[in-house]
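Subject: Structure handover

Hello,

Here is the structure I said I would pass on.

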Amino acid sequence: MAASALTRKQWIPKVAKVKNKAPAEVQITAEQLLREAKERELELLPPPPHQKITDEEELNDYKLRKRKTFEDNIRKNRNVMSNWIKYAQWEERVKEVQRARSIYERALDVDYRNITLWLKYAEMEMTNRQVNHARNIWDRAITTLPRVNQFWYKYTYMEEMLGNVAGSRQIFERWMEWQPEEQAWHSYINFELRYQEVDRARCIHERFVHVHPHVKNWIKYARFEEKHGYLACARRVYERAVEFFGDEHMDQHLYVAFAKFEEKQKEFERVRVIYKHALDRLSQQQAQELLKHYTTFEKKFGDRQAIEDIIVSKRRLQYEEQVKANPYNYDTWFDYLRLVESDGEPNTVREVYERAIASVPPIPEKRYWKRYIYLWISYALYEELEAKDPERTRQVYQACLKLIPHKKFTFAKMWLLYAQFEIRQKNLPLARRTLGTSIGKCPKNKLFKVYIELELQLREFDRCRKLYEKFLEFAPENCTSWIKFAELETILGDMERARAIYELAISQPCLDMPEVLWKSYIDFEIQQEEYEKTRSLYRRLLQRTQHVKVWISFAQFELCAGTEESLTQCRHIYEEANQRMRNCEEKEERLLLLKSWRNFEYEFGTESQKERVDKLMPEQVKKRRKVQAEDGSDAGWEEYHHYIFPEDAADQPNLKLLAMAKRWKKEQQEKDATEQDPGRGREEE
């Protein structure tokens, strides 16, 4: 048997095989099927005929059948409340109120949370004028389901319609103990107002704003007082609301309503105080509507200054939002500071400055500090020029200099501004101490120059010498410093000391502008009429450089020396320079030298000397060369001028051959022109 059971479990029914898989000749769509089904729909059954009951026995039989039907439906599914309600409503229609009441009670035993069931039950009692039964049902309903507001509304409405005001009030009080939603409180307040119970309505409002402490409820409470003519009470409600919400939970709608109330009472100063109080404590995003109402108010009742004040308030809110979003945006801080400075309140300006300078750049790199440092400068200038407070100005400068990381970088302008401030305060020792500290901590060229200039103005030449010595120890490559130091000694009449400074300067291995230094030294010797020393300087300079301007300057010096051999010496220098520059790759420099020499000979030389220089002038030739782009690719060809000097042409036979070829080509062109136009040739003969 076990084997047979196993075979039964494993049996698989056979699938019918379709023999003809070809498509049908007539294809039927789903739409066609639905249309045919609709057309062939069976006719609806006719309604049952109306039955006329003529005697009591027939009525009882009808009632029995209906009750049996309803009971069967309930027995099938007792949780379907619609069956119970239909059953009870049928009993009510046949005037069996007691039976209907019994059915509702049975239904409540099944599901006492069904709201519709309670409502239908109570409506049945009220329809049949069973007031006490209805009260009993409403009491049970609100006791069983106190959070269903519909029961409370129906119950209070019924009592009010019956004229039982005290009972309705008692029901409202029971309802308020559950702290229902806002609409329930409004219904209670409106109920009291319908019977002119203003004091009771005020008490309900007091309880309401504590149960639901929202801004709109406080505003409704204040408007209630205003509507009934209690203006002092309305103002007190607004003030209590402002105090209740405080600064942490401020709302612009409360202040707008408060301001509008005061505006209606013609209390314009109160309105301004309210708006300004709110604007000082609310952010820009929270005060958009407030600003709009404030602007409208000032346009209606304010003067020009008041309108400007509100515009300033708007801009202040904008700047506050921007600096709050990015405290390191120093341009915004500058705009904000200009705005508050125009207002002219020193404490407010100082507060904004303190907040601005507190936004120290997080990275100790000078490029991040360049904009920030101007906040300190503006702060110090404000304290000195606007606030007229020298002591606070000094504190600002000292705090700034203490904040700057001088080991990594410094700002010379801050040291100099502080020193200049102390000079304006006639505190020269502190100014010197400040500049000395700056040079000791973070020496810079600008600091040395200003400090030396200060001592020069004070005629403290010994201090100037010491400063120049420190300066040159710090920056020995600075040619301007060497020149200024030597000029100082020249002014003081110590020529040997000035000459020693120049000698020490030109002996430095590295200089930023050596040509300026040499020129200054040469001009110094010329001024002292030390021509031999000047010639020696030129020779020493030519040992270091063969620049054409040095040769020309040397020649011009010899020409202006005013001696008998000046012309000869000048000509010898030009010849020597030309000889030295024959191997120079820069042909333009040699051409510049020859032009200068030719101008000299045209002015002071003889005809033979002029011809000699003219023969040395080069021939200008156009040539072409390839041009390469930055990436190394060919960029085409360009023309340039090349100079061929006669002395160089004699050494290069190829150049002589090229000149002969050019001359032959020119003769051939003239010969061809004569053959083409023989008549022109005879006329020329």
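Overall picture

Please keep in mind that this is a predicted model. The protein chain has 37 helices and two strands. Of its 685 residues, 37% are buried. Among the contacts in the chain with a separation of 6 or more, 46% are between residues 24 or more positions apart.

Two helix pairs

Two packed helices are described by the angle between their axes and the distance between the axes. I looked at two pairs in this way.

On the α14 side the contact is made by Tyr255, Phe258, Ala259, Glu262 and Glu263, and on the α15 side by Phe268, Arg270, Val271, Ile274, Tyr275, His277 and Ala278. By class, these residues are eight nonpolar, one polar and three charged.

Lysine 266 is in the loop between α14 and α15. Its phi is near 65°, a positive value in a residue other than glycine. Most residues other than glycine have a negative phi. Is lysine 266 buried or exposed? Lysine 266 counts as exposed, because its relative accessibility is 60% and the cut-off for exposed is over 50%.

The second pair is α26 (residues 461-474) and α27 (residues 479-491), with axes that come within 10 Å and cross at roughly 155°. That angle makes α26 roughly antiparallel to α27. The crossing of α26 and α27 is left-handed. From α26, the residues in the contact are Phe461, Cys464, Arg465, Tyr468, Phe471 and Leu472; from α27 they are Ser481, Trp482, Lys484, Phe485, Leu488 and Glu489. The contact of α26 with α27 divides into eight nonpolar, one polar and three charged residues.

Helix α6 (residues 115-127) has 13 residues and reaches 18 Å from its first C-alpha to its last, close to the 18 Å expected at 1.5 Å a residue. Which residues of α6 are buried? They are Leu117, Trp118, Leu119, Tyr121, Ala122, Met124 and Glu125. The cover over the buried residues of α6 includes α4 (81-93), α5 (97-110), α7 (131-144) and α8 (149-161).

Helix α21 (residues 373-386) has 14 residues, which should span 20 Å at 1.5 Å a residue; the end C-alpha atoms are 19 Å apart, which agrees. The buried residues in α21 are Ile373, Leu375, Trp376, Ile377, Tyr379, Ala380, Tyr382, Glu383 and Glu384. Among the elements that cover the buried residues of α21 are α18 (330-343), α19 (346-357), α20 (366-369), α22 (390-403) and α23 (412-424). Just after α21, lysine 388 takes a positive phi of about 55°.

Single residues

Tyrosine 62 lies in helix α3 (residues 56-76). With a relative accessible area of 25%, tyrosine 62 is partly exposed. Not counting residues up to four places away in sequence, tyrosine 62 touches Ile53 and Trp90. The C-alpha atoms of tyrosine 62 and glutamine 51 are 9.8 Å apart, and the two residues are eleven apart in sequence.

Glutamine 196 is in the loop between α10 (182-194) and α11. Phi of glutamine 196 is near 60°, a positive value in a residue other than glycine. Glutamine 196 is exposed, with a relative accessible area of 63%.

Arginine 200 is in helix α11 (residues 198-211). What does arginine 200 contact, leaving aside its neighbours within four places in sequence? The contacts are with Arg169 and Glu192. Arginine 200 counts as partly exposed, at 40% relative accessibility.

Regards

Technical notes:
Residues numbered from 1 in each chain as written. Predicted model: local features only at pLDDT ≥ 70, side-chain atom pairs only at ≥ 80, totals over all residues. Heavy atoms only, no water. Axes fitted to C-alpha atoms, helices over the stretch in contact; angles between N-to-C directions. Helix = DSSP H or I, 4+ residues; strand = E, 2+ residues; numbered from the N terminus. Parallel < 35°, antiparallel > 145°, perpendicular 65-115°, else oblique. Left-handed = near helix turned anticlockwise from the far one by under 90°. Contact = heavy atoms within 4.5 Å. Nonpolar A, V, L, I, M, F, W, Y, C, P; charged D, E, K, R; others polar. Buried < 20%, exposed > 50% of the residue type's maximum accessible area, 1.4 Å probe, protein only. Expected span 1.5 Å × (residues − 1).
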